[in-house]
Amino acid sequence: MSSKPVFEEKQYLGRDFNRISIRAVMILFCIAAYYITEGRERNGDLFLLVGAGIFIVSIIMLFMVHYRTTVKNGSLILDGLWTTKLVKIDLNSIAKVERRKYNSFIINNPVYNLHQNGKVRFYASGKEAIYLTDRDGLEYIIGTQNPEELERAIKGELSKKTA
């Protein structure tokens, strides 16, 4: 068995463009409110403090790994942030692999191992996702920044098992 991964990707919690835009608008609002406040009263100082706090948290979140996706040895491994459990999906049990748009919503919340309506979701950012359906009908939705590469890696591992 090869120990080198066929595909590896890290999804970061703070690198989603929509979330960065929201935090930037909040920071700009706080700075504008600070300058508009007459006489720099306590409320103005509070706006500056909140704006600086949002900025610092945003910088930290840019480097915070939400989860890591790895395809190796005939399995898809999803390793989450700190206290989350490692999820290992055996590719032998996968019946169908397809690449589709993740969701029709403009802003999607990051999730890790969310079980809902017969689907298990893993998402941090990206417009497309890989939909894996196992033989029992359970659907795994894996959001990714590189959907073509992940799909190719999964199909490559599946073809190794059938060959």
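## The nonpolar cores

A nonpolar core is a set of buried Ala, Val, Leu, Ile, Met, Phe, Trp, Tyr and Cys residues that are joined through side-chain atoms within 4.5 Å. In this structure, which is a predicted model, the largest such core has 22 residues, and the members that touch the most other members are Phe122, Leu132, Ile142 and Ile154. Two or more residues of this core come from each of the elements β2 (65-72), β3 (75-80), β4 (87-90), β5, β7 (119-123), β8, β9 (139-143) and α3. Helix α3 supplies the largest share, with four residues. Apart from this core lies another one, of six residues, including Val111, Tyr123, Tyr131 and Ile141.

When residues up to four places away in sequence are not counted, Leu132 touches Leu76, Ile94, Lys96, Val97, Leu138, Glu139, Tyr140, Ile142 and Ile154. One of these partners, Ile154, is itself listed with Leu132 among the residues that touch the most other members of the largest core.

## Strand β8 and its neighbours

Strand β8 is mostly covered, since six of its seven residues are buried. Strands β5 and β8 run antiparallel and are joined by seven bridges, and in this pairing Arg100 has Ala129 of β8 as its bridge partner. Strand β8 also pairs with β9 in the antiparallel sense, over five bridges, and here Leu132 stands opposite Tyr140 in β9. Strands β8 and β9 form a hairpin with four residues between them, and Gly137 in the turn has a positive phi of about 95 degrees.

In a regular strand the side chains alternate between the two faces of the sheet.

## Salt bridges

The structure holds nine salt bridges. One of them joins the side chains of Arg99 and Glu128, at 3.6 Å from N to O. Arg99 lies in strand β5 (residues 94-101) and Glu128 in strand β8 (residues 128-134), so this pair ties together parts that are 29 residues apart in sequence. Arg99 is partly exposed, with a relative accessible area of 34%, and Glu128 is also partly exposed, with a value of 27%. Another salt bridge is formed by the side chains of Glu98 and Arg100, at 3.2 Å from N to O. Glu98 has a relative accessible area of 22% and is therefore partly exposed, while Arg100, at 33% relative accessibility, is likewise counted as partly exposed. Glu98 and Arg100 also belong to a network of salt bridges that links them with Lys96, Lys119 and Glu139.

A further salt bridge connects Glu157 with Lys160, whose closest N and O atoms are 3.1 Å apart. Glu157 and Lys160 are three residues apart in helix α3 (residues 147-162), so about one helical turn separates them. Which of these two residues is buried, and which is exposed? Glu157 is buried, because its relative accessible area is 4% and buried means under 20%, whereas Lys160 counts as exposed at 55% relative accessibility.

## Aromatic rings

A pair of aromatic rings is described by the distance of the centres and the angle of the planes. The count comes to six aromatic pairs in this model. In one of them, the rings of Tyr102 and Tyr123 have their centres 4.0 Å apart and their planes at 10 degrees, so the pair is stacked. Tyr102 lies in the loop between β5 and β6 (111-116), and Tyr123 lies in strand β7, so the pair ties together parts that are 21 residues apart in sequence. Both Tyr102 and Tyr123 are buried. Tyr112 and Phe122 form an aromatic pair that is edge-to-face, with 5.3 Å from centre to centre and 80 degrees between the planes. This pair links distant parts of the chain, with Tyr112 in strand β6 and Phe122 in strand β7, ten residues apart. Both Tyr112 and Phe122 are buried, and together with Tyr67 they form one aromatic cluster.

Charged side chains also lie over rings in two places described here. The charged end of Arg100 sits over the ring of Tyr131, 3.6 Å from the ring centre, and Arg100 is the residue that also forms the salt bridge with Glu98. Arg15, in turn, lies over the face of Tyr12, at 3.8 Å from the ring centre.

Notes
Residues numbered from 1 in each chain as written. Predicted model: local features only at pLDDT ≥ 70, side-chain atom pairs only at ≥ 80, totals over all residues. Heavy atoms only, no water. Salt bridge = Lys/Arg side-chain N within 4 Å of Asp/Glu carboxyl O. Buried < 20%, exposed > 50% of the residue type's maximum accessible area, 1.4 Å probe, protein only. Contact = heavy atoms within 4.5 Å. Pairing = 2+ DSSP bridges. Phe/Tyr/Trp six-rings, centres within 6.5 Å; stacked < 30°, edge-to-face > 60°. Lys NZ or Arg CZ within 6 Å of the ring centre and 35° of its normal.
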